[in-house]
Amino acid sequence: MEIDQAAIIANWRDLSARHAGGAVAAVVKADAYGLGAALVAPALFAAGCRHFFTAHLGEALALRPLIPGAMLAVLGGLGPAPGADVIEAFVHHDLVPVLGTFAEITTFAAAAGRLGRRLPAILHIDTGMARLGLDDAELDRLAQAPEPLQNLDLRFVMTHLVAAETAEDPLNAAQRQRFAQACARLPPVKRSLANSSGIFLGPAFASDLARAGAALYGINPTPHAANPMRLACRLLARVLQVRDVPAGAPVGYNATWRAARPSRIATLGIGYADGWPFRLAGRGSAFFDGAPVPLVGRVSMDLTTYDITDHPGIGPGSWLELIGQAMPPERIAALLDTSPYEILTGLGARIARVVLPAAAL
Ligand SMILES: *Cc1c(COP(=O)(O)O)cnc(C)c1O
């Protein structure tokens, strides 16, 4: 897979320009949505990005040395009943937990008390996702007993939009309002509201810090309109072997596809163990020289077969483009009734991530 760092930086600058009210953080969870966090985060850091989010502590620990001094926050927070080792990891590596329960707040505040200094944290308010963050009862509890906050250096109060990609969804305005009401019950702290799509909801959804993931990598944040972002990766797979089969010959497991004519079949070295979806069997196309090459038969664990009868230029060693401009993650997701996020984050560790050389000036 080719990783286009210049496109990621261009996307970040574009999002930053659109989010005039505040900064734009890079969400690099799930290995930067499959592109490779170790390739993405340092490039964004060099371009000036100073706020990063992962989902897990382990992801943040791996990135910490690569982006020294940047805010590196963990969306999953401390987790339930964190051991001393977990607290120690946050403190020692200057990681910022996103605290989403009253218990997490008191635990981290107590650790700060023991250390004799305030510890950085982000407070997560649930305004409609019902997933993570303080719900109404927990917020009431905090508003009545805010003392633990004195031990914390609250960098941001945040919430997460549930339907930002649908601009007309009334949930957006409702969440914005609930968030404002919650913030009014807390000490004055910077706010973090929009994800990628939220940035496109306009200035009312601007905050001190947007948290962009998908759009950085080129997934369309406005799926009901043309994609304003640049796709930042290209998935290529290599032809291992080519064979000619007669009309009527079956290809692949369970003979789900049979050649309707004498055909030439190319076997690519990618399969469902790499995150190339099993359910793509018999659907979709790779691209070669801008022309579609149909996938035929089942997707195997390590191999996938394509009908190259009409493509005499393809032979052993040729590279076919599986994800790219012609076949963006959105199109694959549409074939499978899933999300483009799942397509990219599913791409496995066996796929080599190769940084594109910076365009020659
Ligand atoms: C994943 C995530 C984001 C980024 O969302 P995108 O739609 O990829 O921009 C932002 N905030 C939270 C809390 C998240 O979990």
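**Domains and their interface**

Analyst: The chain is split into domain 1 (2-217) and domain 2 (233-356), with bounds that come from an automatic or database domain assignment. This is a predicted model, where local features need pLDDT of at least 70 and side-chain atom pairs count only at pLDDT 80 or more, while totals for chains, interfaces and linings use all residues. Residues are numbered from 1 along each chain as its sequence is written, and side-chain values use heavy atoms, with hydrogens and water left out.

User: How many Å apart are the C-alpha centres of domain 1 and domain 2?

Analyst: The two centres are 37 Å apart. Ten residues of domain 1 are in contact with ten residues of domain 2, contact being heavy atoms within 4.5 Å.

User: What area is buried between domain 1 and domain 2?

Analyst: About 1300 Å², with carbon and sulfur atoms giving 60% of that. Buried area here is the accessible area (1.4 Å probe) that two parts lose on being put together, summed over both. On the domain 1 side, Glu-2, Ile-3 and Tyr-33 supply 50% of the area buried against domain 2, more than any other three residues.

User: How many salt bridges does the rule find across the interface of domain 1 and domain 2?

Analyst: One. The rule asks for a side-chain nitrogen of Lys or Arg within 4 Å of a carboxyl oxygen of Asp or Glu. The side chains of Arg-234 and Glu-2 form a salt bridge at 3.0 Å, N to O.

User: Which elements supply the side of domain 1 that touches domain 2?

Analyst: Strand E1 (2-3) and helix H2 (29-33) each supply at least two of its residues. Helices (H or I, at least four residues) and strands (E, at least two) are DSSP runs, numbered from the N terminus.
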